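Please open the model in a viewer and follow the stops below in order. Each stop names a selection and then describes what is found there.

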Amino acid sequence: MSVARFWRKIPQRYNMLGTRCETCGRHFFPPRSFCPECRRTGKIADYKFAGTGTVVTYTIIHTASEQFEQLTPYVLAIVQLDEGPRMTAQVVCRPDEVKIGMRVKRAFRRIMTDGESGVIHYGTKFVPVE
Amino acid sequence: MRDVAVIGAGCTTFGEKWSSSFRDLFVEAGALALEDAQLSGEKIDAMYVGNMSAGRFIEQEHIGALIADYAGLATHHIPSTRVEAACASGGLAFRQAVIAVASGMEDIVVAAGVEKMTDVEPGASTDTLTGAADREWEGFVGATFPGLYAMIATDYMHRYPLTREQLAMVAVKNHYNGARNPIAQFQQEITIDTVLKSTMVAEPLRLFDCSPITDGAAAVIVAPLERAREFTDAPIKVLASAQASDTITLHDRRDISTLDASISAGQRAFKMAKLSHKDIDLVEVHDCFSIAEICAIEDLGFCRKGEAGKFTADGQTALDGKIPVNTSGGLKACGHPVGATGIKQVFEVVQQLKGDAGKRQIDGAKIGMTHNVGGTGATVAVHILGRV
Ligand SMILES: [Zn+2]
């Protein structure tokens, strides 16, 4: 991923900054500037997510693209945040630990090293809640 | 709106075609289609070309012009347009051709699809295919394309009765059909054991749950139905053409293991053709992964939600079953050159309806359906074709 494309997303990736529609109360992560429900009548404001959620579904990736090859096998999941929206993220746990319904919280982690530029990208992974 | 017919169809063999270039592939498919329609190139009014990612696979863009040029039509200055919707590029190219003829704007239109995937390393092709999903919010965190479908499978198997063996039956059945298709990439039969002992890709999906990396091209020619008999004794009428969209990310879907775009496109197609799933004699569905076929036959209404595993294991989707699914071998055994797949599905249905499908022929097939998915379900194209 290009450095510019990555840097534009830093507030969202580092702080889980999304948006909320103050008209209907829906939360959006990543942020949206239009509410799909209210369209242009929706009033959108920034919203910082608590970062806690539940595993909806998951897989263990054994064959990855080049940037993630050294991580395999790793746990990839869809996590439903407590505010409502879902996101795809890695869960830092043993492959046999992950379960549907498992409670997780966000953690700031290294995501990958870009092979061409050598830039290290950080972002959100999830860890099990004890 | 005018009625539209397919008057010719052609397809290369699918596989690792290292001795053929991108342009060799579509020229071969196009020539086969023209030959089938007994048509000369200067009669062509327009072309639509499905292609997902030539820019990444062979570092070539501007595919519409390239194809017109190497088809020998550059000096005829016909409009030639590339259509892109990931793995649904071919289905959408066909739909654009149908719309062009139905509208009265054009008469003789080529719909083609082509992809050359084996010129890059496997890691690079995995990354390119990830572009069919959301690069910034799925690919960035390490989601691969098989990984996303694996999460569909995990969700499905958690909620519905689908065993690992039943899932493997999808691949076993499609390899059986592929072994009877001379253009297929894999022409050998496999067993449940072959699937269950193959390399793990993304749990619970193994290598034999996944469609391969493939080179290939397919082309069909459409014309107004009223003119079809100028070219062929057996025109195949386009009874319906439907397309639907959904969220680009899997995680934003209403239901992880239901492709709402398949349901929507399917319902629109049935309505347009004034038919129901009971009228369909065979269907080519988008089995990029075994779980995708399970979802597809439910989403299109061939069996109830949650019952596709048993339906498949009982042989209902086999060549002699209630509704033969993927008689070509599907993406799994026939191969999946992403941009060409949607056109190959039409090619297979046309062959079946003309009675030209050889050892995999469905007796008396009159009406066939194609179902082509882009990404994890963000785009779906469904077509219904019928014998005239
Ligand atoms: Zn709203």
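**The interface of the two chains**

Begin by selecting chain A and chain B together: 36 residues of chain A are in contact with 29 residues of chain B in this predicted model. The two chains bury about 2,800 Å² between them, and 62% of this area is on carbon and sulfur atoms. Next, select R13(A), R86(A) and T88(A), which supply 18% of the area that chain A buries against chain B, more than any other three residues.

Select R32(A) and D252(B). These residues form a salt bridge, with their closest N and O atoms 3.7 Å apart.

Now colour chain A by secondary structure. By class, the side of chain A that touches chain B has 20 nonpolar, 10 polar and six charged residues.

**The zinc site**

Finally, select the zinc ion. Which protein atoms are its donors? They are the SG atoms of C21(A), C24(A), C35(A) and C38(A), lying 2.3 Å from the ion. The angles among the four donor atoms are 106 to 113°, and the site is tetrahedral. In sequence, the donor residues follow the spacing C-x2-C-x10-C-x2-C. C21(A) lies in strand β1 (residues 17–21) and C38(A) in the loop between β2 (27–28) and β3 (44–48) of chain A, so this pair ties together parts that are 17 residues apart in sequence.

Conventions: Residues are numbered from 1 along each chain as its sequence is written. Chains are lettered from A and ligands numbered from 1 in the order in which they are written. This is a predicted model: local features need pLDDT of at least 70, side-chain atom pairs count only at pLDDT 80 or more; totals for chains, interfaces and linings use all residues. Side-chain values use heavy atoms; hydrogens and water are left out. Contact means heavy atoms within 4.5 Å. Buried area is the accessible area (1.4 Å probe) that two parts lose on being put together, summed over both. A salt bridge is a side-chain nitrogen of Lys or Arg within 4 Å of a carboxyl oxygen of Asp or Glu. Ala, Val, Leu, Ile, Met, Phe, Trp, Tyr, Cys and Pro count as nonpolar, Asp, Glu, Lys and Arg as charged, and the others, Gly among them, as polar. Donors are N, O and S atoms within 2.8 Å of the metal (3.2 Å for Na, K and Ca); water is not among the atoms, so sites may look incomplete. Four donors count as tetrahedral if all angles lie between 85 and 135 degrees; four count as square planar and six as octahedral if opposite donors are over 155 degrees apart and all others between 65 and 115; anything else is irregular. Helices (H or I, at least four residues) and strands (E, at least two) are DSSP runs, numbered from the N terminus.
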